[in-house]
Amino acid sequence: MPELPEVEVTRRSFADAIAGATVCAVRLGKPLRWPLGVTAEALVGRVVQGVRRRGKYLLLDFDDGLLLLHLGMSGSLGFRPEPPSPGPHDHFDMHTTRGTLRLNDPRRFGAVVYASSEGDPVARKLLGHLGMEPLDAAFDALRLHRGLTQRSAPIKQVLLAGDVVVGVGNIYASEALFLAGIRPTVRANCISRVRVQALHAAICDVLSRAVQKGGSTLRDFSNANGEAGYFQLEAMVYGRQGEPCRRCGTPIKLLRQGQRATYYCPQCQKR
Ligand code: ZN
């Protein structure tokens with residue numbers, strides 16, 4: 001599943017190229033998770049101002065209104081001057097004066113939704129509950145600690161829920177908790193301020209490194225230029241069940257939390 005680093009890498013791969021482009025035509029494939037909300041024709045003539053990110057949504061601003069794009073479970077966005085004819089999994093093509101933005105999404109949990117503004121009920125419904133942005137300067141340890149004191153669920157699940165901090169998906173949550181030395185099962189409101197400081201630093205470190213490296217967690221993920229990322233090669237615990245911890249040699253353990261796989265080192269990660 002594309003996580004925040006992949007979405008940010010995707011954004012950076014085409015944001016500059018598409019800024020200033022005018023929409024010439026829009027082609028819709030099979031239905032995605034939610035309908036576009038306007039006719040394809042309604043987008044023609046609009047001018048792209050830029051591309052922002054909020055959580056795992058990309059916000060493509062027009063001179064009037066915006067598109068909210070989500071990659072779902074298996075989506076990837078490509079922006080190319082002359083893409084090949086659409087295949088069976090290409091469900092959204094936006095042809096512009098600078099190239100074609102295409103969403104390829106085999107499982108169709110992704111979405112492209114139009115909103116007249118961020119205050120639009122449609123946008124508020126999708127973005128309103130999102131927690132702090134981990135790559136923003138405003139995200140600090142104090143705020144993270146304040147958010148976690150409100151939650152009694154296990155820290156791993158609180159991170160995944162995204163209402164305290166967004167975008168720390170399954171892989172990055174496991175990795176950040178390892179770096180911070182925190183057992184994934186510890187209740188969020190039981191973690192001391194000092195340990196939350198370590199967790200805050202670990203989240204920033206893991207996500208920014210993933211973005212730098214072109215972040216990928218999905219085997220077939222590719223950014224908008226078709227280049228694969230390679231973050232998974234460096235995992236400390238994720239996907240390493242039974243293998244020796246890279247720090248202490250203890251075999252990495254696997255447990256299930258809310259249907260999701262969690263990997264941790266029983267020696268390095270304290271309760
Ligand atoms: Zn260890």
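1. Start with the contact between helices α5 and α6. On the α5 side it involves Y172, E175, A176, L177, L179 and A180. Their partners in α6 are A198, L199, A202, I203, D205, V206, L207, R209 and A210. By class, this contact has twelve nonpolar and three charged residues, and no polar ones. Bear in mind that the model is predicted.

2. Now the geometry of that pair. Helix α5 covers residues 170–180. The axes of α5 and α6 lie 8 Å apart, at an angle of about 130 degrees. The angle falls between 115 and 145 degrees, so α5 counts as oblique to α6. The crossing is right-handed.

3. Helix α6, residues 193–212, also packs against α1. Here the angle is about 40 degrees and the axes are 9 Å apart.

4. Which residues make the contact of α1 with α6? From α1 come P5, E8, V9 and R12. From α6 come L207, A210 and V211. Sorted by class, five are nonpolar, two are charged and none is polar. Note that L207 and A210 of α6 are listed in the contact with α5 and in the contact with α1.

5. Look at V9 in particular. This residue sits in α1, which spans residues 4–18. Its relative accessible area is 9%, under the 20% cut-off, so V9 is buried. V9 and G214 are 205 residues apart along the chain, yet their C-alpha atoms are separated by 5.9 Å.

Terms used. Residues are numbered from 1 along each chain as its sequence is written. This is a predicted model: local features need pLDDT of at least 70, side-chain atom pairs count only at pLDDT 80 or more; totals for chains, interfaces and linings use all residues. Side-chain values use heavy atoms; hydrogens and water are left out. Helices (H or I, at least four residues) and strands (E, at least two) are DSSP runs, numbered from the N terminus. Buried means under 20% relative accessible area, exposed over 50%, partly exposed in between (1.4 Å probe, protein chains only). Axes are lines fitted to C-alpha atoms, for helices over the stretch in contact, and angles run from 0 to 180 degrees between N-to-C directions. Contact means heavy atoms within 4.5 Å. Ala, Val, Leu, Ile, Met, Phe, Trp, Tyr, Cys and Pro count as nonpolar, Asp, Glu, Lys and Arg as charged, and the others, Gly among them, as polar. Angles under 35 degrees count as roughly parallel, over 145 as roughly antiparallel, 65 to 115 as roughly perpendicular and the rest as oblique. A crossing is left-handed if the near helix is turned anticlockwise from the far one by less than a right angle, and right-handed if clockwise.
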